[in-house]
Amino acid sequence: MEDFESSTINSRSSSSIQTEVIAEFIGKLSPILSEIRGCVEAAEVPALEKAIASLESDYDRARAAVDSPPKNIESLIQNLGRSLGLTLFASHEAPLSNKDKVEALCREMMNVRFESSSWDFANEAVETELETEDETGDETGDETGEKIGEKTGEIMEETRELTVDEAILELKYGREEGFKNALFVLDGFLKDGMISSEMILDEDVVRILCCRLASCKGNDRLIIIRMLRYISQHNHHHKQHSVQEKMKDSEFLSALVKSLARDAEEQKEAVGLLLSLCDDDAGVIRRIGRIQGCIVMLVAISNLDDEEASHDARMLLNIMSTNTQHALHMAEAGYFKPLITYLKQGSEMSKVLMASAVSRLELTDQNKAALGEQGAIEPLVSMFKEGNLEAKLSALNALQSISNLKSNIQRLIDSGMVASLLQLLFSVTSVLMTLREPASAILAKVAQSETILVKHDVAQQMLSLLNLSSPVIQTHLLEALNNIASHPTASRVRKKMKENGAIPLLLPLITERDARIRNGALKLIHALSKSTQELTLELDQSHIHTIANIVLTTKSDCEKTAALGILANLPINENRVTEILKQANILPFLASTTTSTPSSIMLSESIASFLIRFTNPNDKKLQHYAAEHGIFPLLIKLLTSTSQCAKSKAALSLAQLSQNTTNMTKSRKLKWLCVPPSSDSFCKVHDRHCTIKGTFCLIKAGAITPLVQILQGEERGADEAVLGCLSTLLRDEIWESGCRHLVEESVVHPIIRVAGCGSFKAQEKALWMLERIFRVESHRDEFGESAENVLIEVAQNGDPMLAPVVAKVLAQLQLLQPQSSYF
């Protein structure tokens, strides 16, 4: 009972407050209503007469509510505010004073809220009505639920059925839900052409929408942008400028640019609106361009699959590119069309600006390719040839930054740039000296193309410049010469360089303190020394010592590779050179420092080439020296290199060592040994007591397994050398035991494979080995069938010069008569 009384008191208190509020609003409205009535009589405006009639009706209901407040009093006050707003809207042609005061009262009434919302009042009224009906037994529980749904639907339907004037009022003064509904309604009215330009301007709709864009979310934001875009495109004449000006505020543009990073539909509408705002307005273009991330997002949109969005983005970028700073920002984002246009058609200052930008940008290979494909190289070359000093320098720096791409290199050569670069390098004009470094750097890149070999004198001209240049230019020239000399088709150029004294010219540079010059000189001497027989005439003893010392002291794999390569190219039969290299202790150094297979392919190849000298089969003393100083472990490691050349040369060295094994072994039957040799040293192939250092035995060295693995691999480059090495185990005096060992080591199938698909020399060695293996009946029985198809294929389609040895093996397998004409 006490709770009920308390609730009643609170209810009465709330009702009293609401009565006071409505009375206050009536008090404020009364003088305004009197003034408006006077305006109606004076102006004779039909729309205003209609609006005032509606206002008077709502005013009378509000006055009645003071004496008997209804439950939906909040809605009553809001409707009164809406009617006042409509009246204010219709009074734009009437001489009404204090419009600001009236507008403030309108906003206050439309936004009035008590403890419960109008929705709660409506539901409360419905629920009270239904509870009463339920108590009388007129309605069932299910019917009650249906009734609530019907009443709710009616209320929602009523909020949607807004006129244009009401929607504008809700847009201006309504809270969140009212704003959303008004936005939806106005969007429909716009599409249907029910809102005039005058109304849009006079009611400040554009300003309201612009102000609300930043705070809206999701679909509301999309509707606003779409409406603004429609308004911008469909208002004409003197109204157009006024409408668009409201959308060109920096704050609004910043909010609009953020939509470029949102979903596809909003993105598309935002780009379209920005494009319509930018037309012939430099101020807006500048403001948009200054917004962080705008240009980057437009470039991204220009590459999308959406045709409308990408087209509008490209159009907008083109309009914005009239500002050079914007063009530079576009280039940073990977959009180079405006930059290239400036390079071709811009003023001298803008050309220099764009060229300088190219040299500063961190370009990917894709960017460099795009610049070349879109035509940046030709205008840059023209700038270099025809421009002033500043233009020349900026053009050279730009070309340098994009010249390491193969396609761009060819474009540079086709442009006739090489002759101009060389002419510049020969120039002694002090003004042009600053251009020589970038010019030499470009030449170094251009020399990567074999097309430059057509220009026969290029290499000679560069050589003649070496001693006349600064260290930086020397570095670039050496890089260029190395690029030229490394081309597979450059044998004639290399020969001409050697004939013109290139090696003596380069030798002083190998002692330079500048590592880049020293390395470049060593690499070039190495390249030129590969095919010369007179190298020892050009390298005296001091030069050999210097190069050997570089091998021992340098920390650079590149220098070590070149230095070892030069030493490896010295004639093997030069005993004087061999003694110098022994005294330098290079072999022990390599054996002790190369603890694993060298990581550099080129270094592996140089080491393998260098070791061949120390395995000369005609110098057993030298071979013993090599074995004592660790050559076997080093050669075994090289067999696992990734370089086929290194594997091949390591196998060749092992073959040369193995050739002397049978001549150096001691029989196990020798009786004068005081201490019997270990059974572990006995070799079943050589039928002797073998050791690595003493007899150079491949079996004891553990070389068979890595050699077989090479044959089992997919690469065929080292097959000939590997088979040559293994064939030393099939020499006349040991062939039977050698065959048995190769069978045990599973070598026969790889040999058959090479016989069918190797090079001519490798096939020849494989067939020779198979002929020896198939001399043994048990081997023929085990492997003959698997060899038949391969041998027949070689006999029918292989090199005719292999016919005799193939026929011999086929005869062993009884697949060919010994008297066959095939022999």
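When I speak of a contact in this talk, I mean heavy atoms within 4.5 Å. What I am showing is a predicted model, in which local features need pLDDT of at least 70 and side-chain atom pairs count only at pLDDT 80 or more, while totals for chains, interfaces and linings use all residues. Residues are numbered from 1 along each chain as its sequence is written, and side-chain values use heavy atoms, with hydrogens and water left out.

Let me begin with the overall picture. The protein has 50 helices and two strands, where helices (H or I, at least four residues) and strands (E, at least two) are DSSP runs numbered from the N terminus. Of its 823 residues, 51% count as buried; buried here means under 20% relative accessible area, exposed means over 50%, and partly exposed is what lies in between, with a 1.4 Å probe and protein chains only. The accessible surface comes to about 40000 Å², and 49% of that surface belongs to carbon and sulfur atoms, the areas coming from the Shrake-Rupley method with a 1.4 Å probe, with only the protein chains shown counting as cover for residues. If we take the contacts with a separation of 6 or more, 68% of them are accounted for by residues 24 or more positions apart.

Now to Val446, which sits in helix α26. Which residues does Val446 contact once its neighbours within four places in sequence are left aside? They are Ile409, Leu412, Ile413, Val418 and Ile452. Val446 has a relative accessible area of 1% and is therefore buried.

Next, a helix pair. Helix α4, residues 99-110, and helix α7, residues 164-173, pack at an angle of about 85°, with their axes 10 Å apart. The axes are lines fitted to C-alpha atoms, for helices over the stretch in contact, and angles run from 0 to 180 degrees between N-to-C directions. Angles from 65 to 115 degrees count as roughly perpendicular, under 35 as roughly parallel, over 145 as roughly antiparallel, and the rest as oblique, so α4 and α7 are roughly perpendicular to each other. On the α4 side the residues are Glu103, Cys106, Arg107 and Met110, and they meet Leu169, Glu170 and Tyr173 in α7. The residues of this contact divide into four nonpolar, no polar and three charged, on a scheme in which Ala, Val, Leu, Ile, Met, Phe, Trp, Tyr, Cys and Pro count as nonpolar, Asp, Glu, Lys and Arg as charged, and the others, Gly among them, as polar.

Glu266 lies in helix α14, residues 264-278, and at 1% relative accessibility it counts as buried. What does the side chain of Glu266 make a polar contact with? The partner is the side chain of Arg221, at 2.6 Å, a polar contact being a pair of N or O atoms within 3.5 Å; within protein, one must be able to donate a hydrogen and the other to accept it, and residues adjacent in sequence count only if both atoms are side-chain atoms. Beyond its neighbours within four places in sequence, Glu266 is in contact with residues including Gly218, Leu222, Ile225 and Ser259.

Thr661, in helix α41 (residues 661-664), has a relative accessibility of 0% and counts as buried. Its side chain reaches the backbone oxygen of Phe696 at 3.1 Å, and among the residues that Thr661 touches, not counting those up to four places away in sequence, are His686, Thr695 and Cys697.

Finally, two backbone details. Asn585, in the loop between α35 (575-583) and α36 (586-593), has a positive phi of about 60° although it is not a glycine, and at 43% relative accessibility it counts as partly exposed. Gln814, in the segment after α50 (803-812), likewise has a positive phi, near 60°, in a residue other than glycine, and at 72% relative accessibility Gln814 counts as exposed.
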